[in-house]
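Thanks for coming. I'll take a few minutes to go through one model, and then we can look at it together.

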Amino acid sequence: MVKKQYTMKTAYITAAIIFVVMLLLQAFILFWDNTREAKNTTNAYLRQTEIIIERSSYEGDFLLSSLKEDYTVLAKAVSYYLDHSSKTDAAYDEEELNTICALLSIDEIHIFDESGKIVSSTIPDYVGYTLDSGDQIRYFLPMLDDKSLTMCQDVTPNTAEGRPMVYAMTWNESGTQMVQVGIKPVRLMEELEATSVQSTLDDISLDHNMTIVVADASTFEVLAAKNRSYIGKGLNTIANVTTSEKNNCFHKGVKLEDQSGYYYCSTGFTEEYFICVFMDYDYFATRTIETILLVLFYLLIAFLVIMIVIRRLLSTRQENYRHLQVFESMSEIYYSLHLVDLKKNSVMEYSSKNHVKKVLVESQSGKADEIMVGIMKATMSDEYLERGLEFSDMTTVAERMKDKKIISMELLGKNVGWIRMSFITFEAVDGIPTKIIIATQIIDEEKKMAESLYEKSYVDELTRCFNRRAYNSDIITYRENPEDKDLVYISFDVNGLKTVNDDLGHEAGDELLIGASQCMNHAFSKHGKIYRNGGDEFIGLIHADSDLMKMLCQDFNDQLKSWKGKMINSISVSYGYVFCDQEEGRTIDEIADLADKRMYQAKADYYKEKGIERRRT
(Lines give C-alpha, C1' and ligand atoms only; values in the text may rest on other atoms or scores of the structure.)
Protein backbone atom coordinates (compact mmCIF):
# COMPACT_ATOMS: atom_id res chain seq x y z
CA MET A 1 0.00 0.00 0.00
CA VAL A 2 2.80 2.38 0.90
CA LYS A 3 4.50 1.56 -2.32
CA LYS A 4 1.36 2.48 -4.29
CA GLN A 5 1.01 5.84 -2.51
CA TYR A 6 4.65 6.64 -3.17
CA THR A 7 4.22 5.71 -6.83
CA MET A 8 1.15 7.93 -7.25
CA LYS A 9 2.84 10.80 -5.43
CA THR A 10 5.83 10.50 -7.74
CA ALA A 11 3.49 10.44 -10.73
CA TYR A 12 1.75 13.62 -9.56
CA ILE A 13 5.06 15.41 -8.94
CA THR A 14 6.35 14.30 -12.33
CA ALA A 15 3.15 15.50 -13.98
CA ALA A 16 3.41 18.87 -12.20
CA ILE A 17 7.03 19.32 -13.31
CA ILE A 18 6.08 18.40 -16.87
CA PHE A 19 3.18 20.89 -16.78
CA VAL A 20 5.43 23.72 -15.55
CA VAL A 21 8.16 22.94 -18.08
CA MET A 22 5.64 22.71 -20.91
CA LEU A 23 4.01 26.00 -19.92
CA LEU A 24 7.36 27.77 -19.68
CA LEU A 25 8.35 26.30 -23.01
CA GLN A 26 5.03 27.37 -24.51
CA ALA A 27 5.47 30.89 -23.12
CA PHE A 28 8.94 31.09 -24.68
CA ILE A 29 7.66 29.78 -28.00
CA LEU A 30 4.79 32.27 -27.96
CA PHE A 31 7.14 35.16 -27.21
CA TRP A 32 9.44 34.09 -30.04
CA ASP A 33 6.49 33.55 -32.40
CA ASN A 34 4.90 36.90 -31.44
CA THR A 35 8.16 38.71 -32.12
CA ARG A 36 8.50 36.97 -35.47
CA GLU A 37 4.88 37.74 -36.38
CA ALA A 38 5.31 41.39 -35.33
CA LYS A 39 8.46 41.66 -37.43
CA ASN A 40 6.81 40.09 -40.48
CA THR A 41 3.66 42.22 -40.10
CA THR A 42 5.42 45.55 -39.55
CA ASN A 43 7.89 44.80 -42.34
CA ALA A 44 4.98 44.01 -44.66
CA TYR A 45 3.24 47.30 -43.84
CA LEU A 46 6.58 49.11 -44.13
CA ARG A 47 7.09 47.76 -47.61
CA GLN A 48 3.47 48.48 -48.53
CA THR A 49 3.83 52.07 -47.32
CA GLU A 50 7.08 52.53 -49.27
CA ILE A 51 5.48 51.19 -52.43
CA ILE A 52 2.32 53.30 -52.09
CA ILE A 53 4.30 56.49 -51.36
CA GLU A 54 6.63 55.83 -54.29
CA ARG A 55 3.65 55.16 -56.56
CA SER A 56 1.83 58.29 -55.39
CA SER A 57 4.97 60.37 -55.94
CA TYR A 58 5.34 58.90 -59.41
CA GLU A 59 1.69 59.58 -60.19
CA GLY A 60 2.07 63.21 -59.04
CA ASP A 61 5.19 63.68 -61.18
CA PHE A 62 3.51 62.03 -64.13
CA LEU A 63 0.39 64.18 -63.73
CA LEU A 64 2.46 67.37 -63.54
CA SER A 65 4.48 66.37 -66.60
CA SER A 66 1.33 65.54 -68.55
CA LEU A 67 -0.41 68.81 -67.70
CA LYS A 68 2.73 70.82 -68.49
CA GLU A 69 2.66 69.32 -71.97
CA ASP A 70 -1.00 70.30 -72.28
CA TYR A 71 -0.20 73.87 -71.19
CA THR A 72 2.65 74.07 -73.71
CA VAL A 73 0.23 72.99 -76.44
CA LEU A 74 -2.17 75.77 -75.34
CA ALA A 75 0.64 78.35 -75.62
CA LYS A 76 1.42 77.15 -79.15
CA ALA A 77 -2.28 77.19 -80.03
CA VAL A 78 -2.63 80.82 -78.91
CA SER A 79 0.55 81.77 -80.82
CA TYR A 80 -0.75 80.06 -83.96
CA TYR A 81 -4.12 81.75 -83.66
CA LEU A 82 -2.55 85.19 -83.28
CA ASP A 83 -0.21 84.60 -86.23
CA HIS A 84 -3.11 83.61 -88.51
CA SER A 85 -5.88 85.83 -87.17
CA SER A 86 -7.69 88.04 -89.62
CA LYS A 87 -7.03 90.88 -87.22
CA THR A 88 -3.51 92.07 -87.81
CA ASP A 89 -3.29 93.59 -84.36
CA ALA A 90 -4.98 90.72 -82.52
CA ALA A 91 -1.93 90.27 -80.26
CA TYR A 92 -2.41 93.84 -79.02
CA ASP A 93 -6.16 93.68 -78.65
CA GLU A 94 -6.98 93.06 -74.97
CA GLU A 95 -10.57 92.15 -75.78
CA GLU A 96 -9.43 89.61 -78.38
CA LEU A 97 -6.98 88.11 -75.90
CA ASN A 98 -9.71 87.77 -73.29
CA THR A 99 -11.93 86.06 -75.86
CA ILE A 100 -9.15 83.54 -76.53
CA CYS A 101 -8.80 82.98 -72.76
CA ALA A 102 -12.51 82.20 -72.49
CA LEU A 103 -12.44 79.83 -75.49
CA LEU A 104 -9.39 77.88 -74.30
CA SER A 105 -10.07 78.07 -70.52
CA ILE A 106 -6.90 80.10 -70.01
CA ASP A 107 -6.60 82.62 -67.18
CA GLU A 108 -3.89 84.94 -68.58
CA ILE A 109 -2.16 85.73 -71.91
CA HIS A 110 0.97 87.90 -72.11
CA ILE A 111 2.76 88.98 -75.31
CA PHE A 112 6.54 89.64 -75.09
CA ASP A 113 8.64 91.38 -77.72
CA GLU A 114 12.06 90.14 -78.83
CA SER A 115 13.76 91.94 -75.95
CA GLY A 116 11.67 90.04 -73.38
CA LYS A 117 9.30 92.93 -72.50
CA ILE A 118 5.53 92.50 -72.07
CA VAL A 119 3.92 94.59 -74.77
CA SER A 120 0.35 93.28 -74.48
CA SER A 121 -1.59 91.37 -71.81
CA THR A 122 -5.01 90.39 -70.54
CA ILE A 123 -3.82 92.09 -67.34
CA PRO A 124 -2.83 95.64 -68.37
CA ASP A 125 -0.88 96.18 -65.14
CA TYR A 126 1.70 93.65 -66.34
CA VAL A 127 2.53 95.60 -69.54
CA GLY A 128 6.09 96.86 -69.33
CA TYR A 129 7.36 93.99 -67.17
CA THR A 130 10.40 92.15 -68.57
CA LEU A 131 11.87 88.69 -68.14
CA ASP A 132 14.23 90.31 -65.67
CA SER A 133 11.47 91.70 -63.47
CA GLY A 134 11.43 88.92 -60.84
CA ASP A 135 12.61 85.48 -59.81
CA GLN A 136 9.51 83.83 -61.13
CA ILE A 137 9.62 85.28 -64.63
CA ARG A 138 13.40 84.83 -64.97
CA TYR A 139 12.70 81.14 -65.47
CA PHE A 140 12.02 81.97 -69.14
CA LEU A 141 15.23 84.02 -69.79
CA PRO A 142 16.90 81.18 -71.79
CA MET A 143 14.27 81.70 -74.48
CA LEU A 144 15.84 85.02 -75.45
CA ASP A 145 18.97 83.17 -76.56
CA ASP A 146 17.24 80.19 -78.19
CA LYS A 147 14.07 80.84 -80.18
CA SER A 148 13.52 77.11 -80.67
CA LEU A 149 12.67 76.71 -76.98
CA THR A 150 9.18 76.18 -75.61
CA MET A 151 9.08 76.19 -71.80
CA CYS A 152 6.56 75.44 -69.06
CA GLN A 153 7.06 76.39 -65.43
CA ASP A 154 6.12 74.18 -62.46
CA VAL A 155 3.32 75.31 -60.16
CA THR A 156 4.53 78.49 -58.50
CA PRO A 157 2.84 81.41 -56.72
CA ASN A 158 2.17 84.38 -58.95
CA THR A 159 4.71 87.01 -57.87
CA ALA A 160 2.30 89.92 -58.07
CA GLU A 161 -0.78 88.33 -56.55
CA GLY A 162 0.48 85.21 -54.77
CA ARG A 163 -1.90 82.90 -56.65
CA PRO A 164 -0.65 79.40 -57.64
CA MET A 165 -0.14 79.50 -61.40
CA VAL A 166 1.43 77.49 -64.20
CA TYR A 167 3.00 79.52 -67.03
CA ALA A 168 3.94 78.19 -70.49
CA MET A 169 5.67 80.26 -73.18
CA THR A 170 6.61 79.84 -76.85
CA TRP A 171 7.92 81.93 -79.77
CA ASN A 172 5.61 82.69 -82.66
CA GLU A 173 6.37 81.33 -86.11
CA SER A 174 8.24 84.44 -87.27
CA GLY A 175 10.25 84.72 -84.04
CA THR A 176 9.17 88.32 -83.50
CA GLN A 177 7.28 87.82 -80.26
CA MET A 178 6.75 85.36 -77.43
CA VAL A 179 3.33 84.21 -76.24
CA GLN A 180 2.88 83.26 -72.59
CA VAL A 181 -0.23 81.64 -71.15
CA GLY A 182 -1.06 81.34 -67.46
CA ILE A 183 -3.48 78.82 -65.97
CA LYS A 184 -4.73 78.36 -62.43
CA PRO A 185 -4.02 74.64 -61.88
CA VAL A 186 -7.13 73.91 -59.79
CA ARG A 187 -7.47 70.31 -60.89
CA LEU A 188 -3.71 69.81 -60.70
CA MET A 189 -3.62 71.08 -57.12
CA GLU A 190 -6.46 68.76 -56.18
CA GLU A 191 -4.73 65.79 -57.80
CA LEU A 192 -1.40 66.61 -56.18
CA GLU A 193 -3.11 66.91 -52.81
CA ALA A 194 -4.62 63.45 -53.37
CA THR A 195 -1.11 62.05 -53.97
CA SER A 196 0.45 63.74 -50.95
CA VAL A 197 2.14 61.60 -48.29
CA GLN A 198 -0.54 62.32 -45.67
CA SER A 199 -3.37 61.51 -48.07
CA THR A 200 -1.57 58.36 -49.07
CA LEU A 201 -1.10 57.41 -45.43
CA ASP A 202 -4.77 58.06 -44.66
CA ASP A 203 -5.75 55.53 -47.32
CA ILE A 204 -3.77 52.69 -45.69
CA SER A 205 -6.01 50.49 -43.53
CA LEU A 206 -4.49 49.50 -40.18
CA ASP A 207 -5.58 47.57 -37.09
CA HIS A 208 -6.21 49.64 -33.98
CA ASN A 209 -2.98 48.31 -32.47
CA MET A 210 -0.77 49.75 -35.25
CA THR A 211 0.31 53.20 -36.41
CA ILE A 212 2.59 54.65 -39.09
CA VAL A 213 4.83 57.73 -39.03
CA VAL A 214 6.63 59.26 -42.04
CA ALA A 215 9.48 61.72 -41.40
CA ASP A 216 11.85 63.68 -43.61
CA ALA A 217 14.88 61.51 -44.37
CA SER A 218 17.35 64.29 -43.59
CA THR A 219 15.76 66.38 -40.82
CA PHE A 220 13.57 63.62 -39.28
CA GLU A 221 10.70 66.07 -38.93
CA VAL A 222 7.40 64.19 -39.00
CA LEU A 223 5.67 64.97 -42.31
CA ALA A 224 2.71 62.60 -42.06
CA ALA A 225 1.28 60.22 -39.48
CA LYS A 226 -1.82 58.22 -38.70
CA ASN A 227 -1.88 60.21 -35.46
CA ARG A 228 -1.86 63.76 -36.86
CA SER A 229 -0.72 65.19 -33.51
CA TYR A 230 2.78 63.91 -34.37
CA ILE A 231 3.03 66.05 -37.55
CA GLY A 232 5.66 68.79 -37.31
CA LYS A 233 7.46 67.20 -34.37
CA GLY A 234 10.92 65.68 -34.42
CA LEU A 235 10.91 61.88 -34.76
CA ASN A 236 13.22 61.44 -31.76
CA THR A 237 10.72 63.48 -29.71
CA ILE A 238 7.84 61.09 -30.22
CA ALA A 239 9.70 57.73 -30.27
CA ASN A 240 13.03 56.27 -29.11
CA VAL A 241 14.01 54.70 -32.45
CA THR A 242 17.48 54.67 -33.97
CA THR A 243 17.75 56.77 -37.14
CA SER A 244 21.45 56.26 -37.86
CA GLU A 245 21.02 52.87 -39.56
CA LYS A 246 20.16 53.33 -43.25
CA ASN A 247 19.01 49.72 -43.77
CA ASN A 248 15.61 48.40 -42.72
CA CYS A 249 15.65 47.68 -38.96
CA PHE A 250 13.39 45.99 -36.43
CA HIS A 251 13.18 47.36 -32.88
CA LYS A 252 11.64 45.96 -29.70
CA GLY A 253 10.54 47.89 -26.61
CA VAL A 254 9.89 51.20 -28.39
CA LYS A 255 8.03 53.95 -26.44
CA LEU A 256 5.69 56.50 -28.03
CA GLU A 257 5.26 59.86 -26.32
CA ASP A 258 1.51 59.64 -25.72
CA GLN A 259 1.30 55.90 -25.04
CA SER A 260 1.96 53.96 -21.83
CA GLY A 261 2.81 50.57 -23.37
CA TYR A 262 5.65 49.32 -25.53
CA TYR A 263 5.77 48.79 -29.26
CA TYR A 264 7.53 46.72 -31.89
CA CYS A 265 8.79 48.91 -34.72
CA SER A 266 10.12 48.37 -38.25
CA THR A 267 11.96 51.31 -39.84
CA GLY A 268 13.19 51.98 -43.35
CA PHE A 269 14.61 54.76 -45.55
CA THR A 270 13.56 55.88 -49.01
CA GLU A 271 15.27 58.70 -50.91
CA GLU A 272 13.02 61.30 -49.27
CA TYR A 273 11.43 59.69 -46.23
CA PHE A 274 12.15 57.76 -43.04
CA ILE A 275 9.17 55.46 -42.38
CA CYS A 276 8.26 53.85 -39.05
CA VAL A 277 5.58 51.18 -38.53
CA PHE A 278 4.62 50.56 -34.88
CA MET A 279 2.75 47.55 -33.42
CA ASP A 280 1.47 47.46 -29.82
CA TYR A 281 2.71 44.74 -27.41
CA ASP A 282 -0.79 44.57 -25.91
CA TYR A 283 -2.06 43.00 -29.11
CA PHE A 284 -0.18 39.82 -28.21
CA ALA A 285 -0.62 39.87 -24.42
CA THR A 286 -4.26 38.73 -24.34
CA ARG A 287 -3.68 36.16 -27.04
CA THR A 288 -0.67 34.76 -25.14
CA ILE A 289 -2.66 34.31 -21.93
CA GLU A 290 -5.50 32.63 -23.80
CA THR A 291 -3.08 30.29 -25.54
CA ILE A 292 -1.32 29.30 -22.30
CA LEU A 293 -4.68 28.55 -20.64
CA LEU A 294 -5.67 26.50 -23.66
CA VAL A 295 -2.38 24.56 -23.53
CA LEU A 296 -2.95 23.91 -19.81
CA PHE A 297 -6.39 22.53 -20.63
CA TYR A 298 -4.91 20.29 -23.34
CA LEU A 299 -2.21 19.04 -20.96
CA LEU A 300 -4.84 18.04 -18.45
CA ILE A 301 -6.76 16.18 -21.13
CA ALA A 302 -3.51 14.57 -22.29
CA PHE A 303 -2.81 13.35 -18.74
CA LEU A 304 -6.24 11.71 -18.54
CA VAL A 305 -5.78 10.14 -21.96
CA ILE A 306 -2.37 8.80 -20.97
CA MET A 307 -3.86 7.17 -17.88
CA ILE A 308 -6.52 5.51 -20.02
CA VAL A 309 -3.91 4.36 -22.53
CA ILE A 310 -1.72 2.89 -19.78
CA ARG A 311 -4.70 0.96 -18.42
CA ARG A 312 -5.49 -0.40 -21.87
CA LEU A 313 -1.86 -1.31 -22.47
CA LEU A 314 -1.84 -3.32 -19.27
CA SER A 315 -5.03 -5.07 -20.33
CA THR A 316 -3.47 -6.12 -23.64
CA ARG A 317 -0.20 -7.25 -22.09
CA GLN A 318 -1.39 -10.82 -21.78
CA GLU A 319 -2.64 -10.86 -25.36
CA ASN A 320 0.67 -9.58 -26.63
CA TYR A 321 2.50 -12.24 -24.63
CA ARG A 322 0.41 -14.92 -26.34
CA HIS A 323 1.17 -13.41 -29.73
CA LEU A 324 4.84 -13.33 -28.86
CA GLN A 325 4.93 -17.03 -28.15
CA VAL A 326 3.34 -17.79 -31.51
CA PHE A 327 5.64 -15.56 -33.46
CA GLU A 328 8.78 -16.61 -31.67
CA SER A 329 8.16 -20.13 -32.90
CA MET A 330 8.12 -18.72 -36.48
CA SER A 331 10.92 -16.18 -36.15
CA GLU A 332 13.77 -18.48 -37.14
CA ILE A 333 12.19 -19.11 -40.53
CA TYR A 334 12.09 -15.44 -41.52
CA TYR A 335 14.64 -12.69 -41.96
CA SER A 336 12.22 -10.35 -40.17
CA LEU A 337 8.81 -10.76 -38.59
CA HIS A 338 6.53 -7.96 -37.30
CA LEU A 339 2.96 -7.49 -36.20
CA VAL A 340 1.34 -4.26 -37.39
CA ASP A 341 -1.83 -2.78 -35.92
CA LEU A 342 -3.25 -0.84 -38.86
CA LYS A 343 -5.79 1.08 -36.76
CA LYS A 344 -3.19 2.24 -34.24
CA ASN A 345 -0.45 2.54 -36.88
CA SER A 346 1.87 0.68 -34.50
CA VAL A 347 4.38 -2.10 -35.04
CA MET A 348 5.62 -4.88 -32.77
CA GLU A 349 8.89 -6.65 -33.53
CA TYR A 350 9.20 -10.41 -33.13
CA SER A 351 12.42 -10.90 -35.03
CA SER A 352 14.64 -8.79 -37.25
CA LYS A 353 18.25 -8.69 -38.33
CA ASN A 354 20.91 -6.21 -39.31
CA HIS A 355 19.56 -3.15 -41.17
CA VAL A 356 15.92 -3.83 -40.27
CA LYS A 357 16.75 -3.98 -36.57
CA LYS A 358 18.83 -0.80 -36.85
CA VAL A 359 15.87 1.14 -38.29
CA LEU A 360 13.61 -0.09 -35.49
CA VAL A 361 16.14 0.92 -32.85
CA GLU A 362 16.63 4.39 -34.35
CA SER A 363 12.94 5.05 -34.96
CA GLN A 364 11.64 7.95 -32.89
CA SER A 365 7.94 7.97 -33.77
CA GLY A 366 7.17 4.26 -33.52
CA LYS A 367 4.60 4.67 -36.33
CA ALA A 368 4.33 1.68 -38.62
CA ASP A 369 4.08 3.71 -41.84
CA GLU A 370 7.21 5.75 -41.06
CA ILE A 371 9.14 2.67 -39.88
CA MET A 372 8.29 0.80 -43.11
CA VAL A 373 9.57 3.73 -45.18
CA GLY A 374 12.80 3.67 -43.15
CA ILE A 375 13.19 -0.09 -43.60
CA MET A 376 12.65 0.15 -47.36
CA LYS A 377 15.23 2.94 -47.71
CA ALA A 378 17.75 1.06 -45.57
CA THR A 379 17.39 -2.35 -47.23
CA MET A 380 16.16 -1.94 -50.83
CA SER A 381 18.39 -1.48 -53.86
CA ASP A 382 17.86 1.78 -55.74
CA GLU A 383 16.11 0.15 -58.70
CA TYR A 384 13.53 -1.57 -56.46
CA LEU A 385 13.09 1.19 -53.87
CA GLU A 386 10.13 2.91 -55.53
CA ARG A 387 8.07 -0.26 -55.99
CA GLY A 388 9.09 -1.42 -52.48
CA LEU A 389 7.76 1.84 -51.01
CA GLU A 390 4.54 1.46 -52.98
CA PHE A 391 4.01 -2.17 -51.90
CA SER A 392 4.77 -1.46 -48.21
CA ASP A 393 2.57 1.66 -47.99
CA MET A 394 0.69 1.16 -44.71
CA THR A 395 -1.97 3.71 -45.66
CA THR A 396 -3.25 1.58 -48.56
CA VAL A 397 -2.50 -1.97 -47.45
CA ALA A 398 -5.90 -2.52 -45.74
CA GLU A 399 -7.74 -1.67 -48.96
CA ARG A 400 -5.37 -3.80 -51.06
CA MET A 401 -5.78 -6.81 -48.75
CA LYS A 402 -9.56 -6.72 -48.48
CA ASP A 403 -10.87 -10.30 -48.46
CA LYS A 404 -7.31 -11.60 -48.95
CA LYS A 405 -5.22 -13.75 -46.64
CA ILE A 406 -1.83 -12.83 -48.08
CA ILE A 407 -0.15 -10.60 -50.67
CA SER A 408 3.55 -10.87 -51.60
CA MET A 409 6.23 -9.18 -53.70
CA GLU A 410 9.79 -10.12 -54.60
CA LEU A 411 12.35 -7.33 -54.22
CA LEU A 412 16.11 -6.94 -54.57
CA GLY A 413 17.88 -5.85 -51.38
CA LYS A 414 21.13 -3.92 -51.01
CA ASN A 415 23.03 -6.44 -48.94
CA VAL A 416 21.01 -9.66 -48.71
CA GLY A 417 20.06 -10.25 -52.33
CA TRP A 418 16.52 -11.18 -53.28
CA ILE A 419 13.81 -11.20 -50.61
CA ARG A 420 10.12 -12.03 -50.59
CA MET A 421 7.98 -9.65 -48.52
CA SER A 422 4.57 -10.98 -47.49
CA PHE A 423 1.65 -9.29 -45.75
CA ILE A 424 -0.53 -11.85 -43.92
CA THR A 425 -3.94 -11.00 -42.47
CA PHE A 426 -3.95 -11.61 -38.70
CA GLU A 427 -7.22 -9.95 -37.70
CA ALA A 428 -9.96 -8.54 -39.92
CA VAL A 429 -13.36 -6.83 -39.66
CA ASP A 430 -15.77 -7.32 -42.59
CA GLY A 431 -12.91 -8.61 -44.71
CA ILE A 432 -10.73 -5.54 -44.06
CA PRO A 433 -7.58 -6.41 -42.06
CA THR A 434 -6.98 -4.51 -38.81
CA LYS A 435 -3.78 -6.37 -37.90
CA ILE A 436 -1.29 -7.93 -40.29
CA ILE A 437 1.96 -9.89 -40.05
CA ILE A 438 4.84 -8.60 -42.16
CA ALA A 439 7.25 -11.44 -42.95
CA THR A 440 10.38 -11.32 -45.12
CA GLN A 441 12.35 -14.30 -46.41
CA ILE A 442 15.69 -14.49 -48.18
CA ILE A 443 15.05 -16.13 -51.56
CA ASP A 444 18.38 -15.45 -53.24
CA GLU A 445 19.05 -19.10 -54.07
CA GLU A 446 15.49 -19.59 -55.26
CA LYS A 447 15.77 -16.49 -57.42
CA LYS A 448 19.10 -17.54 -58.89
CA MET A 449 17.59 -20.89 -59.82
CA ALA A 450 14.65 -19.14 -61.48
CA GLU A 451 16.98 -16.78 -63.35
CA SER A 452 19.06 -19.74 -64.49
CA LEU A 453 15.94 -21.40 -65.87
CA TYR A 454 14.96 -18.13 -67.55
CA GLU A 455 18.37 -17.78 -69.18
CA LYS A 456 18.22 -21.31 -70.49
CA SER A 457 14.78 -20.62 -71.91
CA TYR A 458 15.21 -17.07 -73.26
CA VAL A 459 18.96 -16.29 -73.63
CA ASP A 460 21.18 -17.47 -76.45
CA GLU A 461 24.03 -19.41 -74.87
CA LEU A 462 26.74 -18.31 -77.32
CA THR A 463 26.05 -14.57 -77.76
CA ARG A 464 24.12 -13.88 -74.50
CA CYS A 465 21.50 -12.07 -76.59
CA PHE A 466 17.84 -12.96 -76.23
CA ASN A 467 16.95 -16.04 -78.27
CA ARG A 468 14.20 -16.76 -80.79
CA ARG A 469 11.82 -17.97 -78.06
CA ALA A 470 12.14 -14.61 -76.28
CA TYR A 471 11.59 -12.82 -79.59
CA ASN A 472 8.44 -14.83 -80.37
CA SER A 473 7.12 -14.08 -76.85
CA ASP A 474 7.82 -10.34 -77.10
CA ILE A 475 6.57 -9.91 -80.65
CA ILE A 476 3.11 -11.04 -79.51
CA THR A 477 2.94 -7.90 -77.35
CA TYR A 478 3.63 -5.68 -80.36
CA ARG A 479 1.05 -7.52 -82.43
CA GLU A 480 -1.59 -6.96 -79.79
CA ASN A 481 -0.53 -3.35 -78.98
CA PRO A 482 0.57 -1.62 -82.21
CA GLU A 483 0.35 1.84 -80.58
CA ASP A 484 4.05 1.81 -79.56
CA LYS A 485 4.92 4.73 -81.86
CA ASP A 486 8.65 5.13 -81.09
CA LEU A 487 9.49 1.47 -81.81
CA VAL A 488 12.28 0.82 -84.34
CA TYR A 489 12.60 -2.64 -85.89
CA ILE A 490 16.19 -3.54 -86.92
CA SER A 491 17.21 -6.56 -88.97
CA PHE A 492 20.94 -7.52 -88.71
CA ASP A 493 23.01 -10.05 -90.67
CA VAL A 494 26.70 -10.78 -90.01
CA ASN A 495 28.65 -10.64 -93.28
CA GLY A 496 31.03 -13.41 -94.21
CA LEU A 497 30.16 -15.96 -91.51
CA LYS A 498 30.15 -18.93 -93.93
CA THR A 499 33.53 -17.93 -95.35
CA VAL A 500 35.03 -17.67 -91.86
CA ASN A 501 33.57 -21.06 -90.86
CA ASP A 502 34.89 -22.68 -94.05
CA ASP A 503 38.34 -21.05 -94.02
CA LEU A 504 39.14 -20.67 -90.30
CA GLY A 505 36.76 -23.06 -88.55
CA HIS A 506 33.65 -22.78 -86.45
CA GLU A 507 35.57 -21.50 -83.43
CA ALA A 508 36.51 -18.43 -85.46
CA GLY A 509 32.89 -18.19 -86.64
CA ASP A 510 31.71 -18.22 -83.04
CA GLU A 511 34.17 -15.43 -82.24
CA LEU A 512 32.71 -13.43 -85.14
CA LEU A 513 29.15 -13.91 -83.86
CA ILE A 514 30.13 -13.03 -80.29
CA GLY A 515 31.92 -9.87 -81.48
CA ALA A 516 28.94 -8.81 -83.59
CA SER A 517 26.53 -9.32 -80.66
CA GLN A 518 28.81 -7.34 -78.35
CA CYS A 519 28.80 -4.39 -80.77
CA MET A 520 25.01 -4.57 -81.11
CA ASN A 521 24.41 -4.70 -77.36
CA HIS A 522 26.90 -1.92 -76.67
CA ALA A 523 25.15 0.41 -79.12
CA PHE A 524 21.46 -0.51 -78.76
CA SER A 525 20.66 -2.56 -75.63
CA LYS A 526 20.14 0.49 -73.39
CA HIS A 527 17.17 1.40 -75.57
CA GLY A 528 15.63 -2.04 -76.18
CA LYS A 529 16.48 -5.70 -76.78
CA ILE A 530 18.76 -7.58 -79.22
CA TYR A 531 17.69 -11.10 -80.26
CA ARG A 532 19.66 -13.83 -82.07
CA ASN A 533 17.14 -15.21 -84.53
CA GLY A 534 19.40 -18.05 -85.67
CA GLY A 535 22.74 -18.45 -87.42
CA ASP A 536 24.09 -15.04 -88.40
CA GLU A 537 20.71 -13.28 -88.17
CA PHE A 538 19.89 -10.85 -85.33
CA ILE A 539 16.88 -8.63 -84.62
CA GLY A 540 16.65 -5.42 -82.60
CA LEU A 541 13.48 -3.98 -81.04
CA ILE A 542 14.41 -0.59 -79.63
CA HIS A 543 12.76 2.72 -78.74
CA ALA A 544 14.27 5.81 -80.39
CA ASP A 545 13.43 8.83 -82.54
CA SER A 546 15.28 9.67 -85.75
CA ASP A 547 17.96 11.83 -84.09
CA LEU A 548 18.73 9.21 -81.45
CA MET A 549 18.74 6.47 -84.08
CA LYS A 550 21.42 8.30 -86.06
CA MET A 551 23.60 8.49 -82.96
CA LEU A 552 23.06 4.80 -82.12
CA CYS A 553 23.90 3.70 -85.69
CA GLN A 554 27.03 5.84 -85.65
CA ASP A 555 28.05 4.28 -82.34
CA PHE A 556 27.38 0.81 -83.77
CA ASN A 557 29.49 1.50 -86.88
CA ASP A 558 32.32 2.83 -84.69
CA GLN A 559 32.16 -0.31 -82.56
CA LEU A 560 32.40 -2.49 -85.67
CA LYS A 561 35.39 -0.55 -87.00
CA SER A 562 37.32 -0.76 -83.71
CA TRP A 563 36.57 -4.43 -82.97
CA LYS A 564 39.38 -6.98 -83.19
CA GLY A 565 39.34 -10.61 -82.10
CA LYS A 566 41.98 -13.23 -81.52
CA MET A 567 41.29 -15.11 -84.71
CA ILE A 568 39.40 -12.46 -86.69
CA ASN A 569 40.78 -8.94 -87.31
CA SER A 570 37.63 -7.24 -88.59
CA ILE A 571 33.89 -7.56 -88.58
CA SER A 572 31.07 -6.37 -90.84
CA VAL A 573 27.31 -6.36 -90.24
CA SER A 574 24.61 -5.41 -92.73
CA TYR A 575 21.42 -4.02 -91.26
CA GLY A 576 18.19 -2.29 -92.12
CA TYR A 577 15.68 -0.61 -89.87
CA VAL A 578 12.14 0.74 -89.99
CA PHE A 579 10.47 3.40 -87.82
CA CYS A 580 7.04 2.01 -86.91
CA ASP A 581 5.49 5.49 -86.68
CA GLN A 582 6.47 6.12 -90.32
CA GLU A 583 4.64 3.01 -91.51
CA GLU A 584 1.09 3.61 -90.34
CA GLY A 585 -1.29 0.82 -91.31
CA ARG A 586 1.43 -1.88 -91.41
CA THR A 587 1.47 -4.72 -88.92
CA ILE A 588 4.62 -5.58 -86.99
CA ASP A 589 5.16 -8.58 -89.27
CA GLU A 590 4.94 -6.37 -92.37
CA ILE A 591 7.42 -3.97 -90.75
CA ALA A 592 9.74 -6.94 -90.05
CA ASP A 593 9.59 -7.93 -93.76
CA LEU A 594 10.40 -4.35 -94.78
CA ALA A 595 13.38 -4.23 -92.39
CA ASP A 596 14.64 -7.57 -93.85
CA LYS A 597 14.41 -6.15 -97.39
CA ARG A 598 16.43 -3.09 -96.36
CA MET A 599 18.99 -5.33 -94.64
CA TYR A 600 19.34 -7.57 -97.72
CA GLN A 601 19.75 -4.48 -99.90
CA ALA A 602 22.50 -3.24 -97.56
CA LYS A 603 24.10 -6.71 -97.70
CA ALA A 604 23.98 -6.72 -101.50
CA ASP A 605 25.55 -3.26 -101.60
CA TYR A 606 28.30 -4.47 -99.25
CA TYR A 607 29.23 -7.48 -101.38
CA LYS A 608 29.05 -5.42 -104.56
CA GLU A 609 31.36 -2.81 -103.07
CA LYS A 610 33.81 -5.52 -101.91
CA GLY A 611 33.59 -7.42 -105.21
CA ILE A 612 32.83 -10.66 -103.38
CA GLU A 613 30.89 -13.49 -104.95
CA ARG A 614 27.67 -13.68 -102.87
CA ARG A 615 27.12 -17.45 -103.23
CA ARG A 616 30.42 -18.27 -101.57
CA THR A 617 29.55 -16.34 -98.37
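First, the ground rules. This is a predicted model, in which local features need pLDDT of at least 70 and side-chain atom pairs count only at pLDDT 80 or more, while totals for chains, interfaces and linings use all residues. Residues are numbered from 1 along each chain as its sequence is written, and side-chain values use heavy atoms, with hydrogens and water left out.

The secondary structure comes to 18 helices and 20 strands. Those are DSSP runs numbered from the N terminus, helices being H or I with at least four residues and strands E with at least two. Of the 617 residues in the protein, 41% are buried. Buried means under 20% relative accessible area, exposed means over 50%, and partly exposed is in between, using a 1.4 Å probe and protein chains only.

Now Q180. This residue lies in strand 6, residues 177-183. Is Q180 buried or exposed? Q180 is buried, with a relative accessible area of 4%. Leaving aside neighbours within four places in sequence, Q180 is in contact (heavy atoms within 4.5 Å) with E108, I109, H110, F112, F140, Y167, A168 and M169.

Compare D258, in the loop between strand 9 (249-254) and strand 10 (263-269). At 40% relative accessibility, D258 counts as partly exposed. Not counting residues up to four places away in sequence, D258 touches N227 and Y230. A239 is 19 residues from D258 in sequence, and the two are 9.6 Å apart in space, C-alpha to C-alpha.

Last, the pocket. What is the volume of the second largest pocket? About 420 Å³ of space lies there. A pocket here is an open set of points on a 1 Å grid over the protein atoms alone, where a 1.4 Å probe fits, with protein on both sides within 12 Å along at least five of seven lines; lining residues have an atom within 4 Å of a point. Points are joined across faces, edges and corners, and the volume is the space filled by probe spheres set on them. The lining has 24 residues, and N495, I571, S572, Y606 and K610 lie nearest the centre.
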